[in-house]
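Have the viewer open and follow along.

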Amino acid sequence: MTPGTYWIDGRLVTDTEGAASLAAHGLHYGYGVFEGIRGYAVGGDVALFRLDDHLRRFERSAQILGIPLGHSSAEITQAVVSLTERAGLGDCYIRPMAFYGGGPLGMGTAGRAAHVAVLVDEWEQERLDSEPEGIRVAVSTWRRPGPDTLPLQAKTTGMYLNSVLGKREAHASGADDALFLTQEGLVADASGANVFTVSDGVLRTPPRSTGVLCGITRDTVMELAVGNGLRVVEEPVTLADLLTADEVFLTGTGLEIRPVEAIGDSVYGCGPTTRLLAHDYQKAVRGEVDGLRDHVTWLRRDTP
């Protein structure tokens, strides 16, 4: 990161000025929320995909945890826009965050200041004309927590410890990502992405009742699928359903649409439905799909 690419508490700062206190509550206890937003270089402009939806989820997550943002929706939106234009990166990833700062060590939040920050960094993306690279996935021995243990519909920092443990385990086994099951043994999601299967031309994905985060990319994929005349079903998915599917793919803001090459001995490759949706998604994030153009916020791109 270069100096001047952080926004915190209403002002642009350098790395040193924006450093969080080592006593920050969010650092010690994982009590914070965040979002991930993608920016795509299109000519001399940058397309931010579903900015409003991401920031609404950010505010909703903060509300669930009781973290006061202290800035209006318009102020946070303007912070994201100004910072992205100032960074001049083109293809980029933007992360708004909210967390409690320093103070006496302890799990209580009373008397602590809540901070809102935004960072932006360069992010490599798929080429529009390329087939998405597939990944190998391993079923994790770590289970997803139940809905009565953590607020699963908030995008919180602390919950990602579960994902990190699963992904480290997957990497140790030679896989690229982890697939998590619920406490009941149903398919939940990957470390940072939702899961879709394709069987007999029907797309299936675990429902919200499973405890999965209802991803914004997941929602976009369902829109694209319906637009292509495909049937989409939100229903519980068993491991057997997954292992016998024709195609399996993951969806997420960072991952976009990623075909699963294999889960254990089950091999899928990049099937025609995955390929179609991945191509359409790359067009959608650049404002090239009718009916989804209002999902894109256009910014000018400054030259650093």
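Start at R258, which is buried at 13% relative accessible area (buried means under 20%, exposed over 50%, partly exposed in between, with a 1.4 Å probe and protein chains only). R258 sits in strand β15, residues 256-263, where strands (E, at least two residues) and helices (H or I, at least four) are DSSP runs numbered from the N terminus. Its side chain reaches the backbone oxygen of E133 at 3.2 Å.

A word on what you're looking at: this is a predicted model, where local features need pLDDT of at least 70 and side-chain atom pairs count only at pLDDT 80 or more, while totals for chains, interfaces and linings use all residues. Residues are numbered from 1 along each chain as its sequence is written, and side-chain values use heavy atoms, leaving out hydrogens and water.

Now for the charged pairs. The structure holds 11 salt bridges, each one a side-chain nitrogen of Lys or Arg within 4 Å of a carboxyl oxygen of Asp or Glu. One of them joins R300 and E85, with the closest N and O atoms 3.6 Å apart. That pair ties together distant parts of the chain, with R300 in strand β17 (296-300) and E85 in helix α3 (73-87), 215 residues apart. R300 is partly exposed at 47%, whereas E85 is buried at 13%.

Another bridge runs between R144 and D189, at 2.7 Å from N to O.

Out at the surface, Y29, L105 and M107 form a nonpolar patch with about 370 Å² of accessible area together. Patch members have over 30% relative accessible area and no salt bridge; like charges are joined within 9 Å, nonpolar side chains (Val, Leu, Ile, Met, Phe, Trp, Tyr) within 5 Å. Areas come from the Shrake-Rupley method with a 1.4 Å probe, and for residues only the protein chains shown count as cover. L105 lies in the loop between β6 (92-100) and β7 (114-122), and counts as exposed at 62% relative accessibility.

Zooming out, the chain has 7 helices and 17 strands. Of its 304 residues, 50% count as buried. The C-alpha trace spans about 55 × 45 × 30 Å along its principal axes.

Methods: Polar contact = N/O pair within 3.5 Å; in protein donor to acceptor, adjacent residues only side chain to side chain.
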